[in-house]
Amino acid sequence: MRPDLSGSRFLGADEASAPGGHGVSIIVVTYRSARYIEDCVAALRSAVAGVPAELLIVDNDSGDETVAVARAVAPDARVIETGRNDGFAHGCHAGAERARFPWLVFVNPDALPAPGSVEVLLECARAEPMAGIVGGRCVAPDGSADPRSWWGRPGVWSTFCFAFMLSSLFPGSRFFDPESPRPWAGHESRHVPIVTGGFMLVSRQAWDATGGFDRGFFMYGEDADLCLRAAARGFRPMVTGKAVYQHEVGASSSASRKLMLLFTGKATLLRRHLPRGLRGVGVALLAVGVFLRAALSRLTAARPERQGRPTARGEDWRRLWAARRTWLPGWPAR
């Protein structure tokens with residue numbers, strides 16, 4: 001999916017807001033994203049279609065040419081330099097605090113929304129006011145389905161299946177792999193437990209009611225946490241297959257670092273969202289799953305996980321197990 005280099009102009013900071021609250025504030029958080037930002041901005045110009053939109057690019061102290069590239073390719077955007085890298089959630093809050101419209105669209109810099117996709121997210125959100133959070137349908141570069149659009153709710157059973165490798169033995173099984181998304185039609189909209197944060201619309205109502213992304217998460221898991229907290233407040237997150245996007249997840253992270261961040265997020269979710277008496281059980285099962293994979297990797301070459309899950313070599317699992325005292329406590333509460 002090659003972005004269209006022509007498209008809508010974003011509203012400047014001195015321009016009037018759109019009447020009736022139809023506009024969107026698009027927030028892109030960057031960190032050493034110079035190689036992605038030009039294509040992302042070009043895609044967003046076509047993605048907004050006729051919707052009044054402002055673009056806020058928040059840079060988390062990249063220390064490279066990212067900011068210069070962003071200013072060059074998006075002179076009509078507001079580029080915000082935070083001066084430090086406190087994580088994705090902090091960057092999103094920096095953008096949301098300056099956003100003028102009642103609809104916030106968070107887009108990863110390595111995501112390429114298809115033409116009209118932001119308009120589709122907004123139409124879906126307006127048709128389903130209690131959704132609060134709406135995501136799109138992720139596709140691979142060749143246009144084939146990518147399962148990372150949404151996920152099931154983490155629980156004791158799904159963590160048990162991970163611990164004893166049932167989810168690896170029966171990938172996609174509704175019973176043994178309950179966190180994996182079910183196949184869905186390209187035109188379909190559905191309510192889901194967790195919307196992936198790479199391309200996500202959040203109403204200002206839902207953002208304010210939940211407090212937005214938890215700043216305690218540095219990276220990975222903050223989207224799931226937000227969706228679960230929104231659901232607890234009566235919202236019903238959903239995805240629409242008509243809002244298509246491509247996303248190169250974790251492109252700048254090594255497999256070892258990605259696993260460390262990912263499992264810190266997983267441990268945090270279990271500690272915060274399982275019933276109080278089962279939180280310790282869930283975290284222990286998570287540790288068992290990592291231990292078994294690390295142990296098995298010494299006996300046989302680690303088989304790459306399926307699409308949508310971290311691709312890890314045996315040494316990555318062993319490093320993750322060795323660092324368990326770092327990630328098992330989860331992210332600190334803020």
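A search of the whole structure turns up 12 salt bridges, where a salt bridge means a side-chain nitrogen of Lys or Arg within 4 Å of a carboxyl oxygen of Asp or Glu. Keep in mind that this is a predicted model, so local features need pLDDT of at least 70 and side-chain atom pairs count only at pLDDT 80 or more, while totals for chains, interfaces and linings use all residues. Residues are numbered from 1 along each chain as its sequence is written, and side-chain values use heavy atoms, with hydrogens and water left out.

**Salt bridges**

| Pair | Closest N and O atoms |
|---|---|
| E81 and R71 | 3.0 Å |
| R84 and D86 | 2.3 Å |
| E315 and R319 | 2.9 Å |

Take E81 and R71, which form a salt bridge. This pair ties together distant parts of the chain, with E81 in strand β3 (residues 78-81) and R71 in helix α2, 10 residues apart. Helices here are DSSP runs (H or I, at least four residues), as are strands (E, at least two), and they are numbered from the N terminus. R71 counts as partly exposed because its relative accessibility is 42%; the scale is buried under 20% relative accessible area, exposed over 50%, and partly exposed in between (1.4 Å probe, protein chains only).

R84 and D86 are both in the middle category too: R84 is partly exposed at 47% relative accessibility, and D86 is partly exposed at 26%. E315 and R319 sit together in helix α11, 4 residues apart, which is about one turn of the helix. E315 is partly exposed with a relative accessible area of 28%, and R319 is partly exposed at 46% relative accessibility. Elsewhere, E54, R78 and R100 are joined in a network of salt bridges.

**Helix packing**

Two packed helices are described by the angle between their axes and the distance between the axes. The axes are lines fitted to C-alpha atoms, for helices over the stretch in contact, and the angles run from 0 to 180 degrees between N-to-C directions.

α5 and helix α10 (residues 279-297) pack at about 20°, and their axes are 7 Å apart. These helices, α5 and α10, are therefore roughly parallel, and their crossing is left-handed.

**A nonpolar surface patch**

Helix α5 (residues 156-163) also holds W157. Together with F160, F164 and F175, W157 forms a nonpolar patch on the surface, with about 400 Å² of accessible area in total. W157 is partly exposed, at 35% relative accessibility.

**Two positive phi values**

D61 has phi near 55°, a positive value in a residue other than glycine. D61 lies in the loop between β2 (53-59) and α2 (66-73), and is partly exposed at 41% relative accessible area. Y220 also has a positive phi, near 75°, and is found in the loop between α7 (204-210) and α8 (222-232). Y220 is buried, with a relative accessible area of 15%.

Key: Patch = residues over 30% accessible without salt bridge, like charges linked within 9 Å, V, L, I, M, F, W, Y side chains within 5 Å. Areas by Shrake-Rupley, 256 points an atom, 1.4 Å probe, with all protein chains shown as cover. Parallel < 35°, antiparallel > 145°, perpendicular 65-115°, else oblique. Left-handed = near helix turned anticlockwise from the far one by under 90°.
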